[in-house]
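Welcome to this structure. Here are some notes to read alongside the model, written for someone meeting it for the first time.

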Amino acid sequence: MAPQTRRTSFPKVLIERDTDSERSSSDEEEEGKEEPQSEEEDDGDEEEEEETALENENRKAYEEASDAKKKGKAPITISLKKVCKVCKKAGHEAGFKGATYIDCPMKPCFLCKMPGHTTMTCPHRVVTEHGVIPATHRDTQNPVEFVFGRQLKPRITRFKAAYVIPDQVHCAAIRYHSRRVTCLEFHPTNNNILLSGDKKGQLGVWDFDKVHEKTVYGNIHSCILNNMRFSPANDGTIYAASSDGTISCTDLETGMSSSLMNLNPDGWQGPSTWRMLYGMEMNSEKGVVLVADNFGFLYLVDSRSNIQTGEPILVHKKGSKVVGLHCNPVQPDLLLSCGNDHFARMWDMRRLQAASSLYNLEHRRVVNSAYFSPLSGSKILTTSQDNRLRVWDSIFGNLESPSREIVHSHDFNRHLTPFRAEWDPKDSSESLAVVGRYISENYHGTALHPIDFIDISTGQLVAEVMDPNITTISPVNKLHPRDDVLASGSSRSLFMWRPKAKFEVAEQMDSRKIVVFGGQEKKRGGKSQDGYDDDSDDDTNNLKGKNVKLIKKSGKQTSRYGHKAKR
């Protein structure tokens, strides 16, 4: 017997279009062929036609709905209307279209947050120093600043040396980490060692002169490694603060780690009680490790006895994250903190207690970082989520308002490590800062996110560093304290930059300097076997240059310390 197939009617498909912008040419031709009539006749005919058309549409829709209800099948509606990704309204488009960002007309400029223009035509995007008042060189009558200038300024040269910009990738470790990079730190005595932390809590030790060697300690923390500092007494020991609420002390030679403090001894009891450590700093003069949590409290740990000293101190609004801590390099008793309560605060550690801050530097949004200048400690540089870099030229002057505000794109949504503008520790003029950029630039049809070098005394963009093979965002950047080297963390990869002229004279580009470390393949749905789900960038596909040869390495490599790396 021949098989019988049951004939079923397919549900009707309804297509919605933008009628104003997608009218067919045949309709326009038919309208053009109509004979001209008087205005009164036209108005009457149009009204009658509109009424009859509306009745026919209503009757037709009712019949279709009733037929579908009888047959048990609802019509399928396909919408071809333009919908804005920003305001979710129809009639216009906004957001990234390829390598170009299209502004929503219902919202202010994405870069400077001001209405009246688009991001592409924003004056701050065209000229970074737009609206910035340059630093003045005037004598002051402040006695404290006078003494400071007499005692400390002789160590700082009066001549502003030319900037040396690392603008070419010298070597790279692709997929060095299994999750995105969260922090970087150079070794204090070994110029070729870079330490990196990631979202999984792993600590990487990379000798970028021996690119193929990989050392990653994966048993230190259970989640995000937010900050790390070297011990001033032993350069082979690193302190790290994590979102699991612990401070670790790790020996770089053996990989052995000990916990100095655990804020969650009872484990997970809910988000209302779970404490995470973010800001971290070493005060070598007092011999203490300073850490801050997500509830606004500051903790002090004695680095000699590895024991917490004193009680927690509320330094920011209760319940807000304290994401950054920095001690003044000249006067370590001065502490600078910043957090999610829209403030950066200066403290005197000799009388450190709640509500005793010396100055409160107000911002309009979350403050990602706040640093004293590296040589004199007399300036302050902050990075805020309102796309502003703020500079205070003197901590002895009026700190109620910044000396200048520089508009820069670093306002991100999520799945990124926060952008932080950092000083160049080698710049004697204390005017050069480096920070990654969020808004992309169209480079021959490819969206690239440069790393910016900015003169904070004038707001001028000194250089924008980018590579056509790196299409991911680079929010984590660190300048070498002694060499002309820039380290950047982009997604799970590490990149080392050197000056192009110096690099070409020293040696030619060697394809073996770029190494791809083995990683687990992603499962369906975008999640990998190790739980990697927050970084959608594929680092391997980013390196498509003709002169780049990728050398794949296995995940376990014998390190320079004589043991196998942990993943």
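1. A residue is called buried here when its relative accessible area is under 20%, and exposed when that area is over 50%. By that cut-off, 47% of the 567 residues of the protein chain count as buried. Please keep in mind that this is a predicted model.

2. Now for the overall make-up. The protein chain has six helices and 36 strands. Taking contacts between residues at least 6 apart in sequence, 54% join residues at least 24 apart.

3. Leu381 deserves a look of its own. Not counting residues up to four places away in sequence, Leu381 touches Leu389 and Ile456, and its other partners include Tyr371, Val391, Trp423 and Ala433.

4. Next, which side chain does the side chain of Asp452 meet in a polar contact? The partner is the side chain of Arg437, at 2.7 Å. Asp452 is found in strand β30 (residues 451-455), and it counts as buried because its relative accessible area is 1%, under the 20% limit. Setting aside residues up to four places away in sequence, Asp452 touches His408, Ala433, Val434, Val435, Arg437, Leu461, Ala463 and Glu464.

5. Is Asp455 buried or exposed? With 5% relative accessibility, Asp455 counts as buried. Its side chain is joined to that of Tyr163 by a polar contact of 3.4 Å. Beyond its neighbours within four places in sequence, Asp455 is in contact with Lys160, Tyr163, Ile406, Ser431, Gln460 and Val462.

6. Please also look at the second largest pocket, which holds about 1300 Å³ of space. Its lining is made up of 47 residues, and Glu185, Arg229, Glu281, His326 and Lys478 lie nearest its centre. By type, the lining residues divide into 27 nonpolar, twelve polar and eight charged. Which strands each supply at least two residues of this lining? They are β6 (181-186), β10 (225-230), β14 (277-283), β18 (322-327), β22 (367-372), β26 (422-423) and β32 (476-479).

7. Arg175 is not a glycine, yet it has a positive phi of about 55°. Its place is in the loop between β5 (168-174) and β6, and Arg175 is buried, with a relative accessible area of 16%. Ser491, also not a glycine, has a positive phi of about 60°. Ser491 is found in the loop between β33 (486-490) and β34 (493-498), where it is buried at a relative accessible area of 9%.

8. Where does Leu111 sit? Its place is in the loop between β4 (100-102) and α3 (123-126), and Leu111 counts as buried at 4% relative accessibility. Leu111 and His408 are 297 residues apart along the chain, while their C-alpha atoms are separated by 7.1 Å. Leaving aside neighbours within four places in sequence, the contacts of Leu111 include Thr119, Cys122 and His124, as well as Asn387, Arg388, Val407, His408 and Ile439. His408 is also touched by Asp452.

9. A last stop is Ala292, in strand β15 (residues 288-293). Its relative accessible area is 0%, so Ala292 is buried. Ala292 and Val322 are 30 residues apart in sequence, with their C-alpha atoms 5.7 Å apart in space. Leaving aside neighbours within four places in sequence, Ala292 is in contact with Met276, Leu277, Tyr278, Gly279, Phe297, Leu298, Val322 and Leu325.

Notes: Residues numbered from 1 in each chain as written. Predicted model: local features only at pLDDT ≥ 70, side-chain atom pairs only at ≥ 80, totals over all residues. Heavy atoms only, no water. Contact = heavy atoms within 4.5 Å. Helix = DSSP H or I, 4+ residues; strand = E, 2+ residues; numbered from the N terminus. Buried < 20%, exposed > 50% of the residue type's maximum accessible area, 1.4 Å probe, protein only. Polar contact = N/O pair within 3.5 Å; in protein donor to acceptor, adjacent residues only side chain to side chain. 1 Å grid on protein atoms, 1.4 Å probe; cavity = no way out; pocket = protein on both sides within 12 Å on 5 of 7 lines; lining within 4 Å. Points joined across faces, edges and corners; volume = space filled by probe spheres on them. Nonpolar A, V, L, I, M, F, W, Y, C, P; charged D, E, K, R; others polar.
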